[in-house]
Amino acid sequence: MRYKSQSVAYWYFAVAMVLFGLQLVFGLLSAAKYLGPDPLLNLLPFDVTKVIHTNLLIVWVLTGFMGATYWMVPDESRSELHSTKLAYIQLGLWVVMGVSAIIGYLFRFGTGNKLLEQPLPHKIVIVICMLIFLYNIGMTIKKSGRFTTTEGVLLLGLASAAVLYLPALLHYENYTVSIYYRWWTIHLWVEGVWEMIQGGFLAYLLIRLSGADREVMEKWLYVIVGLVFIAGILGTAHHYYWVGVPGYWLPLGGFFSALEPLALIGMAMYAYYAMRRSGLAHPNKLALHWTLGSAVFTLFGAGLLGFAHTFPSVNKWTHGTLITAMHGHAAFYGAYAMIVMAMIVYALPSLTRGREEEGGTIGYWAFWLQLAGMFGMTLSFATAGIGQVYLERILGMGYLDTQLKIQIHFLMLVATASIFATGVGLFIYDFFRHPRRIEVETNEVQPTNAPARHVL
Ligand code: HEM
Ligand code: HEM
Ligand SMILES: [Fe+2]
């Protein structure tokens, strides 16, 4: 840690870790309900556990993004944060919002809009937190006078993510209109601007960990971000096939969303070649595992498994089945959970005392158990989904009869999810195992970078 104010990232990461753990509790509860009988049916039915599971995911990943940004921007701009006090106020507000939203879901307070269920007052607090965050980061960069392309891409992603949240504040009575705009937030987040955030962190980590040339890395970052945009914007239409909008969305969605994996192939190649060209070997090999892992798993979960059901001719059978859950898990985990963990593992030796720089045995177990577990979960959802599509959609069997026939896959899900949860448990334990450090170091490995542009 070169700047004292970077230590605020620790508390953001700590909150993210606790919420991640809690997310899995609700995931396991949701999975167990598929096996029945459900003793919690009246207290915590499936719809409630699933809403809490997915909302905790969004909140912890965003908390991780914020912490990682508070860590990265001082490094890139070579200055202290504008205000640590504001960063802590923002975190406090954010935690109150997150916890009260979850308590609210237990009592059925929510808008019923999948992944955006937060009631209006909570949504307003989210907007306030985002404004404080963007102001704090913006002022830090402005005061420092140093603005790199890497942090530019990150910032553009974060600011656009905030802007794209605005359609979620509006309420529409008409279901088609409501679902139409929901995708402006959800799809354009995960297949657009969040990928810029991931790209920003990826470039930062690769430059630091591999010593790859900053100018080359940043040029590629532009290409990838450009590709994401071109394909992702009209790719939104892969959610418009069956919601009651005109039929021309079908070819548009099929064509443009099928191009999206190109950007993801680009990203994985970018990470791989950065490592191949690298001159400097950073001691933190564990962070490198998470960084490359994120690029590769994104290609698998988002690129390959997204492509698998994105054409209208396939999606008409698979829409809203466990095939969607298969892709949702692998994509979200690879792209966003893993990149947050990469940033945490990179920053942790500086944020805590007495930790080995290269990552210890527990850290590696956490990595491989999570990877194996998530791969197994993806397979379980996939096999369940294929069975479901065949029995329910092709043979016309009833929904519940079908669920009984595919129970074996849910046993598989619970088993593999337990392996995954053990990996996450170890990651969380490893995080809290060492006490927090606040003093700065002077013997950090310095990046090998070309001078950044001074645009402010
Ligand atoms: C990191 C990137 C991605 C993430 C995190 C992600 C995540 C998700 C999630 C959570 C859903 C379920 C949403 C809901 O029903 O509310 C979904 C649906 C979908 N995704 Fe992705 N996705 C990503 C990239 C992609 C890509 C690149 C493609 C296509 C090549 C794709 C194709 C689809 C399709 C077609 C659906 C709709 C499934 C249905 O009809 O039920 N996704 N995605
Ligand atoms: C212990 C581990 C986990 C278990 C047992 C689990 C289980 C489940 C179950 C049963 C559902 C409901 C599927 C349905 O609607 O039928 C679900 C939904 C979801 N989970 Fe998980 N999950 C786990 C971890 C995760 C992780 C780590 C992520 C992301 C990084 C994640 C992301 C999602 C998403 C995006 C959905 C909504 C998918 C959709 O609606 O299609 N889950 N999960
Ligand atoms: Fe999408």
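Along the sequence, the protein chain of this predicted model follows the pattern α-α-α-α-α-α-α-α-α-α-α-α-α-α. There are 14 helices and zero strands in the protein chain, where helices (H or I, at least four residues) and strands (E, at least two) are DSSP runs numbered from the N terminus. The radius of gyration is 22 Å, close to the 23 Å that the globule rule gives for 456 residues, so the protein chain is as compact as a globular protein of that length. This radius is taken over C-alpha atoms, and the globule rule is 2.2 Å times the number of residues to the power 0.38. Taken along the principal axes, the box filled by the C-alpha atoms is roughly 65 × 45 × 45 Å.

Residues are numbered from 1 along each chain as its sequence is written, while chains are lettered from A and ligands numbered from 1 in the order in which they are written. Because the model is predicted, local features need pLDDT of at least 70 and side-chain atom pairs count only at pLDDT 80 or more, whereas totals for chains, interfaces and linings use all residues.

**Confidence and packing**

The protein chain has a mean pLDDT of 93, and 96% of its residues reach 70 or more; pLDDT is the predictor's confidence in each residue, from 0 to 100. Over residues 445–456 the pLDDT is below 50, and this stretch has 21 contacts in the model beyond near neighbours in sequence. A contact requires that the C-beta atoms of two residues, placed from the backbone, lie within 7 Å. Of the contacts in the protein chain with a separation of 6 or more, 84% are accounted for by residues 24 or more positions apart.

Buried residues make up 48% of the 456 residues. A residue is buried if 20 or more other C-beta atoms lie within 10 Å of its own, exposed if 12 or fewer, and partly exposed in between, with C-beta atoms placed from the backbone.

**The two ligand shells**

A residue is near a ligand if its C-beta atom, placed from the backbone, lies within 6 Å of the molecule. For the classes, Ala, Val, Leu, Ile, Met, Phe, Trp, Tyr, Cys and Pro count as nonpolar, Asp, Glu, Lys and Arg as charged, and the others, Gly among them, as polar.

| Shell | Residues | Nonpolar | Polar | Charged |
|---|---|---|---|---|
| Ligand 2 | 20 residues | twelve residues | seven residues | one residue |

For ligand 2, the closest residues are Gly27, Ser30, Gly328, Phe332 and Ala417. At least two residues of the shell come from each of α1 (8–33), α2 (46–77), α11 (322–351) and α14 (407–432). Here α11 gives the most, with eight residues.

Val340 is found in α11 and is buried, with 28 other C-beta atoms within 10 Å. Leaving aside neighbours within four places in sequence, Val340 is in contact with Ala16, Val61, Gly64, Phe65 and Ala68. Val340 and Gly64 are 276 residues apart in sequence, yet their C-alpha atoms are 5.7 Å apart in space.

Thr321 is found in the loop between α10 (312–318) and α11. This residue is also buried, with 20 other C-beta atoms within 10 Å. Not counting residues up to four places away in sequence, Thr321 touches Gly385, Gln388 and Val389. By contrast, Thr321 and Phe427 are 106 residues apart along the chain, and 31 Å separates their C-alpha atoms.

**Backbone features in loops**

A cis peptide bond joins Gly36 and Pro37, with omega about -10°; Pro37 lies in the loop between α1 and α2. Arg78, in the loop between α2 and α3 (84–106), has a positive phi of about 55° although it is not a glycine. Arg78 is partly exposed, with 14 other C-beta atoms within 10 Å. Leu115 lies in the loop between α3 and α4 (120–144), and its phi is near 75°, a positive value in a residue other than glycine. With 17 C-beta neighbours inside 10 Å, Leu115 counts as partly exposed.
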